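Subject: Structure for you to look at

Hello,

Here is the structure I said I would pass on. Please open it before you read the rest of this email.

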Protein chains: 2
Amino acid sequence: MMTSVDFCYSIGSTYTYLTVMRLGEYARRKGIQFRWRPFDVRAIMLEQNNIPFSKKPVKSTYMWRDIERRAGLYDLPIRVPAPYPLENLAFANQVALLGMKEGWGEAYTVETYRIWFQDGLPAGSEPNLSESLQRIGQDPARIIEMASTPEIVAALAEETEAIKQAGVFGSPCFVVDGEVFWGDDRLDDAVQWSRNGSLRNVPS
Amino acid sequence: MMTSVDFCYSIGSTYTYLTVMRLGEYARRKGIQFRWRPFDVRAIMLEQNNIPFSKKPVKSTYMWRDIERRAGLYDLPIRVPAPYPLENLAFANQVALLGMKEGWGEAYTVETYRIWFQDGLPAGSEPNLSESLQRIGQDPARIIEMASTPEIVAALAEETEAIKQAGVFGSPCFVVDGEVFWGDDRLDDAVQWSRNGSLRNVPS
């Protein structure tokens, strides 16, 4: 039986662009079910003193070039560097979490990343926020009000804590059978693991 | 014409185990020439305030598990966690650099990593140092004396500076046509780039 794979991500992560934009098609092609789980990666990273790019210009320059090359591999348009870091990271993920409850979370995530990485307008802020919601047929005024409620704030904190307890410390992570796979470049590993409990091809 | 690929590495890096142990066979199979270039990654990382694992227990635990899973993929024996960080990182790379000048640097690197990651004895210190040199038919007393000279210390500093100027900030890195690829998991990307100037398969 095929295990489903948790896709734990934070809008605000740069490499997550590569995953978000290809995961729908990838899932269909591979016949894998992914559970999209937005969380607040910044809360975990600050708590764990894990600040990968701030004040590291060489590593940051590399990161953008690496993402740009890999976007080419996936045939994804990209404008680098995208605005980073996001001012409203938490709110972008509150909207995504609300969307997961209502059924439009995946579409919102894709559109807000598209506007962020292709048009250069940061996710979680206007005009990206309203534009991405309008593109997927949602009413920005209603969503922005609902995503600001204490219930959604608490729900994101709870989901973030659950994801942290699973061993996740960055975005994107894929979680399958208690194993964490960190990074867009570990997607194939996670899928292989879900099939074989190993990274190797097991003869059938 | 096939470009050669620079393999810039530091004995002391954990993920570099995965590359060192498979690169010889990989190079033969793919028909690629790699230039092994040991350097002092710690000097660059300290200068750039890039300390990936110290005081980050969750990320460290993940790192060892990720390396263990990938060692399984490559059919490499491994005992994790290996002793880390190395006390004598610079000296291990001074020995490797001397070995590159004398023609036994690649073999030494493989043996010292094997003893470090399979037997749990840190590279750059005894008994790993003498044992790895003996296994490749070198006289430990002669090598240890020569690798300690100001000439070799200066040569490693010079090589580290040149590698830093190329944009390298971690180990392993592959450098080809001015492009840096960081991580054992970018080896295929670097080779693809050396062939096509792109990560995509270009129809021939």
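Below is what was found in it, starting with the two chains together and then going into the parts.

Please keep in mind that this is a predicted model.

**The two chains**

Chain A can be laid on chain B by a rotation of 180° with 0.0 Å of shift along the axis, and the RMSD is then 0.0 Å. That relation is the one a two-fold axis gives. Both copies use the same surface, as 100% of the contact residues of chain A recur in chain B.

The contact itself takes 20 residues from chain A and 20 residues from chain B. On the side of chain A that touches chain B, α3 (57-73) and β4 (179-182) of chain A each supply at least two residues. The most comes from α3(A), with 7 residues. By type, this side of chain A divides into 7 nonpolar, 6 polar and 7 charged residues.

One residue to look at here is B:Lys59, which lies in helix α3 (residues 57-73) of chain B. Is B:Lys59 buried or exposed? A residue counts as buried if 20 or more other C-beta atoms lie within 10 Å of its own. B:Lys59 has 20 other C-beta atoms within 10 Å, so it is buried. If neighbours within four places in sequence are left aside, B:Lys59 is in contact with A:Gln48, A:Asn50, A:Phe169 and B:Phe53.

**The sheet in chain A**

Chain A has an open sheet of 4 strands in the order β2-β1-β3-β4, with mixed pairing. Its edge strands are β2 (34-38) and β4 of chain A, and each of them pairs on one side only. Neighbouring strands are turned against each other by 25° on average, direction ignored. Strand β1 (residues 5-9) of chain A pairs with β2(A) in the parallel sense, over 5 bridges. For A:Cys8, the bridge partner in β2(A) is A:Arg37.

**The sheet in chain B**

In chain B there is an open sheet of 4 strands, ordered β2-β1-β3-β4, and the pairing is mixed. Which strands stand at the edges? They are β2 and β4 (179-182) of chain B; each has a single partner strand, so one side of each is left without a neighbour in the sheet. From one strand to the next, the twist averages 25°.

Strands of a sheet pair through backbone hydrogen bonds, either parallel or antiparallel.

- β1(B) and strand β2 (residues 34-38) of chain B run parallel and are joined by 5 bridges. B:Asp6 stands opposite B:Arg35 in β2(B).
- β1(B) and strand β3 (residues 173-176) of chain B are antiparallel, with 3 bridges. In β3(B), B:Phe174 is opposite B:Phe7, and B:Val175 is opposite B:Asp6.
- β3(B) and β4(B) are antiparallel as well, with 4 bridges. B:Cys173 stands opposite B:Trp182 in β4(B).

β3(B) and β4(B) form a hairpin with 2 residues between them. In the turn, B:Asp177 has a positive phi of about 50°.

How well covered are these strands? Strand β1 (residues 5-9) of chain B is mostly covered, with 4 of its 5 residues buried.

**A pair of helices in chain B**

Helix α6 (residues 128-135) and helix α7 (residues 140-147) of chain B have axes that come within 9 Å and cross at roughly 120°. The crossing of α6(B) and α7(B) is right-handed. From α6(B), the contact is made by B:Leu129, B:Ser130, B:Leu133 and B:Gln134. From α7(B), it is made by B:Pro140, B:Ile143 and B:Ile144. The residues of this contact divide into 5 nonpolar, 2 polar and no charged.

Regards

Notes
Residues numbered from 1 in each chain as written. Chains lettered and ligands numbered in written order. Predicted model: local features only at pLDDT ≥ 70, side-chain atom pairs only at ≥ 80, totals over all residues. Contact = placed C-beta atoms within 7 Å. Nonpolar A, V, L, I, M, F, W, Y, C, P; charged D, E, K, R; others polar. Axes fitted to C-alpha atoms, helices over the stretch in contact; angles between N-to-C directions. Left-handed = near helix turned anticlockwise from the far one by under 90°. Least-squares fit on C-alpha atoms with pLDDT ≥ 70 in both. Buried ≥ 20, exposed ≤ 12 C-beta atoms within 10 Å, placed from the backbone. Pairing = 2+ DSSP bridges.
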